[in-house]
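Please read each point beside the picture.

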Number of protein chains: 2
Amino acid sequence: MARTQGSHSDITGPKVRETALRLFAQHGYAAVSMRQIAREVGVQVGALYNYTPDKQALLFSLLKGHMDELLATWEAEPRPDGPRDRLEAFVRFHIRFNLDRPEAIFISYMELRNLAPENFAVIEAQRKVYEGALEAILRDGQAADAFSVPDTRLASYALIAMLTGVNTWYRAGGRLSIEEVADIYWDMVRKSVSAG
Amino acid sequence: MARTQGSHSDITGPKVRETALRLFAQHGYAAVSMRQIAREVGVQVGALYNYTPDKQALLFSLLKGHMDELLATWEAEPRPDGPRDRLEAFVRFHIRFNLDRPEAIFISYMELRNLAPENFAVIEAQRKVYEGALEAILRDGQAADAFSVPDTRLASYALIAMLTGVNTWYRAGGRLSIEEVADIYWDMVRKSVSAG
DNA sequence: CCTTGTTCTGAACGCATGTTCAGTTAATCT
DNA sequence: AGATTAACTGAACATGCGTTCAGAACAAGG
């Protein structure tokens with residue numbers, strides 16, 4: 001046997017990526033085999049290599065695609081005036097974006113160490129750009145006396161961790177909507193950087 | 001060849017655990033082989049099985065030991081009066097404890113999914129006990145009007161994530177001491193649960 | 001010194017891994 | 001309809017995996 005009925009790269013290609021994303025998120029990159037991905041896609045393992053040069057490139061491509069989307073979406077967001085509203089926009093964007101694609105978020109935090117060094121450097125640089133946006137907001141707010149944040153670098157780490165943590169417990173269909181969650185987190189963030 | 005000079009279980013045993021902890025933290029459980037552990041310990045792979053029935057038990061033993069220590073140490077901590085001081089004690093304890101053993105903390109968050117289901121249940125229950133202590137503090141503080149935290153469950157998740165995130169960036173010998181870091185985090189936590 | 005028990009080696013087991021490739025079939029183009 | 005290209009199969013490759021075990025070398029106790 002060989003090429004199967006209805007087979008097409010426009011279908012199989014995305015399917016490979018979706019399946020890999022799901023399995024990597026579920027079991028971890030190292031614990032997932034190419035054969036396992038192939039089985040769930042519905043092809044033989046050799047066929048996967050029409051869509052990725054190797055397993056490592058598949059992981060990198062998923063992470064890179066995710067980071068590109070993150071940065072592009074953030075760039076396209078409306079940019080309110082004033083540090084307070086800007087911070088609120090960041091908080092709500094981050095929570096919404098994260099909860100909309102939990103698997104991609106998950107592997108982009110968990111599988112960094114499974115990236116080859118040169119791939120890691122690329123993703124890490126993109127993450128720094130994104131997190132730098134938050135720190136810039138804090139710095140501006142501090143300079144304008146809108147916030148009380150002596151160490152903006154550290155505060156940005158603290159807030160990012162807090163916001164990203166939402167993915168560890170939130171499940172769609174729970175008792176809170178994404179908007180309600182964002183409200184509560186924004187309230188805590190707002191107070192944490194206030195003069196208090 | 002067989003038993004080597006100076007070999008003793010009091011030496012090799014801990015060495016196996018330390019090495020496994022370090023390698024699991026560095027590369028992930030699934031990516032580390034028993035042969036790799038053996039090589040760094042300085043024995044042949046078969047010798048490892050004098051110290052663990054299998055690889056899974058080694059991971060579980062490390063996580064279990066860590067959680068036992070966490071709970072025992074927290075129980076032994078002084079328990080100040082009043083929600084405010086109690087929260088401060090928790091924050092400072094958590095940061096200090098985490099920064100003192102970054103590798104154990106790291107794998108206890110990253111390798112949960114590599115635990116067999118029955119092992120996972122044990123660790124998860126212990127973690128709930130620990131995180132429950134934070135939520136209890138928040139609940140008491142809310143009841144006593146010391147805090148303004150409408151959703152104590154969610155707030156406990158948010159704070160735990162924020163505090164645990166310190167391990168992702170803190171490196172010993174950096175520009176801030178552990179005490180200084182704890183001061184800054186406590187300031188943010190205090191404000192985030194205040195009436196603001 | 002000799003025995004007993006501990007600790008380790010070296011080799012093997014069966015199986016899974018990532019990757020390659022010649023050959024085959026389906027889809028597409030002329 | 002025939003030729004060409006795209007998509008996939010099935011099998012193979014070398015390597016690595018977790019685990020087991022008989023036997024050898026060491027340490028400890030009498």
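1. In this predicted model, DNA strand C has 30 residues around it, and those that come nearest are Ala2(A), Arg3(B), Ser9(B), Gln44(B) and Tyr51(B). Of the atoms of DNA strand C that come within 4 Å of the protein, 64% belong to sugar and phosphate.

2. Arg35(A), by contrast, reaches a base: an N or O atom of its side chain lies 2.8 Å from a base nitrogen.

3. The surface near DNA strand C draws at least two residues from α2 (34-41) of chain A and at least two from α1 (9-27) of chain B. Sorted by class, this surface has 14 polar, 10 nonpolar and six charged residues.

4. Turning to DNA strand D, there are 28 residues around it, with Ser9(A), Thr12(A), Gln44(A), Tyr51(A) and Ala2(B) coming nearest. Sugar or phosphate makes up 64% of the atoms of DNA strand D within 4 Å of the protein, while the rest belong to bases.

5. Backbone atoms take part here: a backbone N or O atom of Met34(B) is 2.8 Å from a phosphate oxygen of DNA strand D, and a polar backbone atom of Gly6(B) is 3.1 Å from a phosphate oxygen. Ser7(A) instead uses a polar side-chain atom, which lies 3.3 Å from a sugar or linking oxygen.

6. For the surface near DNA strand D, α1 (9-27) of chain A and α2 (34-41) of chain B each supply at least two residues.

Key:
Residues numbered from 1 in each chain as written. Chains lettered and ligands numbered in written order. Predicted model: local features only at pLDDT ≥ 70, side-chain atom pairs only at ≥ 80, totals over all residues. Heavy atoms only, no water. Near = heavy atom within 4 Å. Polar contact = N/O pair within 3.5 Å; in protein donor to acceptor, adjacent residues only side chain to side chain. Helix = DSSP H or I, 4+ residues; strand = E, 2+ residues; numbered from the N terminus. Nonpolar A, V, L, I, M, F, W, Y, C, P; charged D, E, K, R; others polar.
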